[in-house]
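This report describes one protein model for a reader who is new to structural analysis. Please look over the sequence and the structure before reading on.

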Amino acid sequence: MFRFEDPTYLYLLILLPFLIFIRIWGVRKRKKQLAKFGDPALLKQLMPNVSMAKREVKFWLMTSAVALLIVMLARPQMGTKINQEQRQGIEVIIALDISNSMKAEDVAPSRLDKSKMLIENLVDNFTNDKIGLIVFAGDAFVQLPITSDYVSAKMFLQNITPELIAAQGTNLAEAIDLSSHSFTKQEKVGRAIIVITDGEDHEGGVEKVAKAAKKNGIRIFVLGVGSAKGAPIPDGNGGYMKDKTGQEVMSALNEDMCKQIAAAGGGAYIHVDNNNIAQRQLDNEIAKLQKGDIMNVVYSEYDEQFQAVGILLLLVLIIETILLESKNPLLKRIKIFK
């Protein structure tokens with residue numbers, strides 16, 4: 001397994017686009033200044049030994065050197081020893097509704113963003129547990145297979161938008177069914193499906209699927225996001241979505257349906273609004289699940305890899321140093337150096 005011991009240094013990579021911008025701006029400014037002295041073609045003839053291509057190559061070599069230095073500071077490491085560790089934990093699959101109605105802002109900053117915050121906080125409380133992530137609208141698919149890699153879980157979570165699924169709607173039955181088949185084969189482990197939705201455009205058949213999951217020892221918790229009063233759905237262009245008659249589409253939480261699913265799945269219904277009560281309720285419910293033996297793959301030893309990056313950095317600096325801006329007669333036939 002590859003990792004960075006100090007990944008915070010990687011944020012320094014955002015400096016590279018600024019360096020490139022400054023370089024482009026400097027080249028353009030230099031061309032304008034040279035144009036004041038005379039015709040560019042004539043000036044080129046007066047400086048026959050100056051290679052503009054080499055100047056560009058030297059800049060990109062130095063830019064690469066800066067990038068490699070930042071990577072070195074982040075301390076790249078490779079896991080070399082794998083251990084199988086048995087720990088006490090639970091398995092949780094989160095089914096997240098990403099239909100367009102989840103863009104509504106009756107819960108700040110939006111229903112979807114609030115849901116992401118809930119999931120992230122839940123992951124922060126996990127230690128030896130496993131988590132999986134499924135997204136759904138009119139269809140459902142696995143965004144993250146069940147894992148104990150919480151860093152990857154948060155990374156996948158940030159990339160979730162309603163645009164991931166073209167088919168709109170809220171196919172809860174498919175989402176719960178897919179979630180039920182996404183757990184590991186380990187026995188005597190507490191399992192839960194956390195459905196986060198506003199319950200709009202319900203496709204039907206969900207209670208049957210929820211009861212089947214309960215029969216297999218899986219509890220279903222439903223987090224209803226939004227308000228019964230409803231709210232318009234942003235269209236992404238500063239306005240709100242409208243129906244065929246030109247009226248704004250109002251999206252309201254279907255709380256009754258959410259409660260029915262939770263009851264059928266042997267879990268609990270939790271209403272999500274603009275306070276943190278839902279988070280505490282969810283944490284309390286998850287804590288009640290039976291913890292069982294979970295096998296985790298753990299990389300217990302890591303070897304530093306910065307030496308390889310350092311060698312590459314040194315090579316780049318050597319090439320940049322010996323590469324002169326003047327033309328080399330031996331390279332006349334190579335067009336890029338003319």
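Does Phe 59 count as buried or exposed? At 15% relative accessibility, Phe 59 counts as buried. Here buried means under 20% relative accessible area, exposed means over 50%, and partly exposed lies in between (1.4 Å probe, protein chains only).

## Basis of the report

The model is predicted: local features need pLDDT of at least 70, side-chain atom pairs count only at pLDDT 80 or more, and totals for chains, interfaces and linings use all residues. Residues are numbered from 1 along each chain as its sequence is written, and side-chain values use heavy atoms, with hydrogens and water left out.

## The chain as a whole

The protein chain contains ten helices and eleven strands. These elements are DSSP runs numbered from the N terminus, helices being H or I with at least four residues and strands being E with at least two. Of the 338 residues of the chain, 40% count as buried. The accessible surface comes to about 19,200 Å², and carbon and sulfur atoms hold 58% of this area; such areas come from the Shrake-Rupley method with a 1.4 Å probe, and for residues only the protein chains shown count as cover.

Among contacts in the chain with a separation of 6 or more, 81% are between residues 24 or more positions apart. A contact means heavy atoms within 4.5 Å.

## The nonpolar cores

A nonpolar core is a set of buried Ala, Val, Leu, Ile, Met, Phe, Trp, Tyr and Cys residues joined through side-chain atoms within 4.5 Å. The largest one has 36 residues, of which Ile 94, Ile 194, Ile 196, Leu 223 and Ile 286 touch the most other members. Elements that give two or more residues to this core include the strands β3 (91–97), β4 (130–136), β6 (191–197) and β7 (218–225), as well as the helices α4 (111–124) and α9 (277–287). The largest share, five residues, comes from α4.

Ile 94 shows how such a member is surrounded. Leaving aside neighbours within four places in sequence, the contacts of Ile 94 include Ile 119, Leu 122, Ile 131, Ile 194 and Ile 196. Another core, of 27 residues, lies apart from the largest one and has Ala 175, Ile 218, Leu 253 and Ala 264 among its members.

Ser 115 is placed in helix α4 and, at 0% relative accessibility, counts as buried. Not counting residues up to four places away in sequence, Ser 115 touches Leu 96, Met 102, Ile 196 and Val 225.

In α5, the buried residues are Tyr 150, Ser 152, Ala 153 and Leu 157. Seen down the axis of α5, these residues fall within an arc of 155°, so they line one face of the helix; the arc is that of the directions from the helix axis to the C-beta atoms. Their cover includes α4, β4 and β5 (140–147). At the start of α5, a side-chain oxygen of Asp 149 reaches to within 3.3 Å of the backbone nitrogen of Val 151.

## Aromatic pairs

The whole structure holds two aromatic pairs. Rings of Phe, Tyr and Trp (its six-membered ring) pair if their centres lie within 6.5 Å; planes under 30 degrees apart count as stacked, over 60 as edge-to-face and the rest as tilted. The rings of Phe 59 and Trp 60 have centres 5.2 Å apart and planes at 70°, so this pair is edge-to-face. Trp 60 counts as partly exposed, at 44% relative accessibility.

Phe 126 and Tyr 150 form a tilted pair, with 6.2 Å from centre to centre and 55° between the planes. Phe 126 lies in the loop between α4 and β4 and Tyr 150 in helix α5, so the pair ties together parts that are 24 residues apart in sequence. Phe 126 is buried, with a relative accessible area of 8%, and Tyr 150 is buried at 17%.

## Backbone features

Most residues other than glycine have a negative phi, and most peptide bonds are trans. Ala 108 and Pro 109 are joined by a cis peptide bond, with omega about -5°. Pro 109 is placed in the loop between β3 and α4.

Arg 75 has a positive phi, near 55°, and lies in the loop between α3 (52–73) and β2 (76–89). Arg 75 is partly exposed, with a relative accessible area of 31%. For Lys 188, phi is also positive and near 55°. Lys 188 lies in the loop between α6 (172–180) and β6, and counts as exposed at 70% relative accessibility.

Notes:
A polar contact is a pair of N or O atoms within 3.5 Å; within protein, one must be able to donate a hydrogen and the other to accept it, and residues adjacent in sequence count only if both atoms are side-chain atoms.
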